[in-house]
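This report describes one protein structure, shown below. Please look through the sequence and the model before reading on.

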Amino acid sequence: SPMLAYGKGRSYGDACLNGGGTLLTTDELDRTLTFNIENGVIRAEAGMTLAGVLARIVPHGWFLPVTPGTQVVTLGGAVANDVHGKNHHVAGTFGRFVTALELVRSSGERLELTPDGEHADLFRATVGGLGLTGLITWVEFRLLRIQSDAINQPSTKLESLDAFFELNELANARS
């Protein structure tokens, strides 16, 4: 019967439903495979949540390049839905930071996909492909360096919407 991967069920709409088919849960695919603390590249299994990734990387001075509205999304789901965060206008989507992934096709074939590799077309179809190209088993992606796990957030009172847009444009120019 038709099979689809199922992470934490946080997808919008019915993306992770498969009426009459089989759902492959990725709950046990939740380990860090490699983490280069020097260059900020991590490879982890597709069932690891963003919260799990954060717990692993923040103590070493790294953060997620894109942070959606929930930390309870899996890496496989972040790729399959090509999630975006509040910094979308600057950083783009999660897929921009993916350097490699493993895909298991319905034939059982295991492929390592990269943005510029032999199967670049399949990589592009998989990022944002809602799991329809196969089962993502692991994801490798680049992180962002942080100075601290604390946030220093100043507040500015503005007199008008125009003043906000002016300040926002200046802030975006600095990003």
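The model is predicted, so local features need pLDDT of at least 70 and side-chain atom pairs count only at pLDDT 80 or more, while totals for chains, interfaces and linings use all residues. Residues are numbered from 1 along each chain as its sequence is written, and side-chain values use heavy atoms, with hydrogens and water left out.

**Spaces**

On a 1 Å grid over the protein atoms alone, a cavity is a set of points where a 1.4 Å probe fits but cannot get out; a pocket is an open set with protein on both sides within 12 Å along at least five of seven lines, and lining residues have an atom within 4 Å of a point. Grid points are joined across faces, edges and corners, and a volume is the space filled by probe spheres set on the points. The structure holds one cavity of 30 Å³ or more.

β1 (3-6), α2 (75-80) and β8 (135-142) each supply at least two residues of the cavity lining. Such helices (H or I, at least four residues) and strands (E, at least two) are DSSP runs, numbered from the N terminus.

**The nonpolar core**

A nonpolar core is a set of buried Ala, Val, Leu, Ile, Met, Phe, Trp, Tyr and Cys residues joined through side-chain atoms within 4.5 Å. Buried means under 20% relative accessible area (1.4 Å probe, protein chains only). The largest core has 32 residues, and I57, L75, F94 and F141 have the most contacts inside it. Several elements each supply at least two residues, among them β4 (41-45), α4 (120-126) and β8. Helix α1 gives the most, with four residues. Contact means heavy atoms within 4.5 Å. Apart from neighbours within four places in sequence, L75 touches residues including A44, M48, V53, F94 and F141.

**Strand β6**

How many of the seven residues of β6 are buried? In β6 (residues 98-104), six of the seven are buried. Two strands pair if DSSP finds at least two bridges between them. β6 pairs with β8 in the antiparallel sense over six bridges, and V104 has L135 of β8 as its bridge partner. β6 also pairs with β7 (residues 110-113), again antiparallel, over four bridges. Here L101 stands opposite L113. β6 and β7 form a hairpin with five residues between them, and G108 in the turn has a positive phi of about 95 degrees.

**Two loop residues**

T26 lies in the loop between β2 (22-25) and β3 (32-36). Its relative accessible area is 6%, so T26 is buried. Leaving aside neighbours within four places in sequence, T26 is in contact with A5, Y6, G7, G47, T74 and L135.

T49 sits in the loop between β4 and α1. With a relative accessible area of 17%, T49 is buried. Leaving aside neighbours within four places in sequence, T49 is in contact with K8, Q71, V73 and T74.

Notes
Buried means under 20% relative accessible area, exposed over 50%, partly exposed in between (1.4 Å probe, protein chains only).
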